[in-house]
Amino acid sequence: MMDPKNKLVTSDSEKLLGSVREEIAEEFLVMEAVTEQIEEKDFYTYHLLNEAEKLRKKKN
């Protein structure tokens, strides 16, 4: 059988590990959302630059 003291330490370690995993998962979701926003803005910027180039060519 496991020593009660070791059992308590193991239980606390598992709780800590669980909370660290949750924090990492949350950070990962935040990073994914930020990356998605950046990609959308990049796409929008690319589209605007494309339109500006078309207008520039029309003027010349």
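What is the relative accessible area of Lys-54, and is Lys-54 buried or partly exposed? Lys-54 is partly exposed, with a relative accessible area of 49%. Buried means under 20% relative accessible area, exposed means over 50%, and partly exposed lies in between (1.4 Å probe, protein chains only).

The legends below describe a predicted model, in which local features need pLDDT of at least 70, side-chain atom pairs count only at pLDDT 80 or more, and totals for chains, interfaces and linings use all residues. Residues are numbered from 1 along each chain as its sequence is written, and side-chain values use heavy atoms, with hydrogens and water left out.

**Figure 1. The whole chain.** The protein chain has 1 helix and 0 strands. Helices (H or I, at least four residues) and strands (E, at least two) are DSSP runs, numbered from the N terminus. Helix α1 covers residues 4–59. Along the principal axes, the C-alpha atoms fill a box of roughly 85 × 10 × 10 Å. The radius of gyration of the protein chain is 26 Å, whereas a compact globule of 60 residues would have one near 10 Å. That radius is taken over C-alpha atoms, and the globule rule is 2.2 Å times the number of residues to the power 0.38. Buried residues make up 0% of the 60 residues. The protein chain exposes about 6,200 Å², and carbon and sulfur atoms supply 60% of this area. Accessible areas come from the Shrake-Rupley method with a 1.4 Å probe; for residues, only the protein chains shown count as cover.

**Figure 2. Lys-54 and Glu-51.** Lys-54 forms a salt bridge with Glu-51. The closest N and O atoms are 3.5 Å apart. A salt bridge is a side-chain nitrogen of Lys or Arg within 4 Å of a carboxyl oxygen of Asp or Glu. Side chains of opposite charge can pair when their charged atoms come close. Lys-54 and Glu-51 are separated by about one helical turn because they are 3 residues apart in helix α1. Glu-51 is partly exposed, at a relative accessible area of 31%.

**Figure 3. Arg-56 and Glu-53.** The structure holds 2 salt bridges. Arg-56 and Glu-53 meet in a salt bridge through their side chains, at 2.6 Å from N to O. Being 3 residues apart in helix α1, Arg-56 and Glu-53 are about one helical turn from each other. Arg-56 is partly exposed, with a relative accessible area of 48%. Glu-53 is also partly exposed, at 33%.

**Figure 4. A nonpolar surface patch.** Leu-16, Val-20 and Ile-24 form this patch, with about 280 Å² of accessible area together. Patches are made of residues with over 30% relative accessible area and no salt bridge; like charges are joined within 9 Å, and nonpolar side chains (Val, Leu, Ile, Met, Phe, Trp, Tyr) within 5 Å. Leu-16 is found in helix α1. Leu-16 counts as exposed because its relative accessibility is 55%.

**Figure 5. A patch of negative charge.** Glu-32, Glu-36, Glu-39, Glu-40 and Asp-42 gather on the surface. Glu-32 sits in helix α1. At 42% relative accessibility, Glu-32 counts as partly exposed. Across the protein chain, the mean positions of the 10 positive and 14 negative charges are 9 Å apart. Lys and Arg count as positive and Asp and Glu as negative; His and the chain ends are not counted. The place of a charge is taken as NZ of Lys, CZ of Arg, CG of Asp or CD of Glu.

**Figure 6. Distances along the chain.** Ala-52 and Glu-36 are 16 residues apart along the chain, and their C-alpha atoms are separated by 24 Å. Ala-52 is found in helix α1. Ala-52 is partly exposed, with a relative accessible area of 31%. Tyr-46 also lies in helix α1. Tyr-46 counts as exposed, at 53% relative accessibility. Tyr-46 and Pro-4 are 42 residues apart in sequence and 62 Å apart in space, C-alpha to C-alpha.
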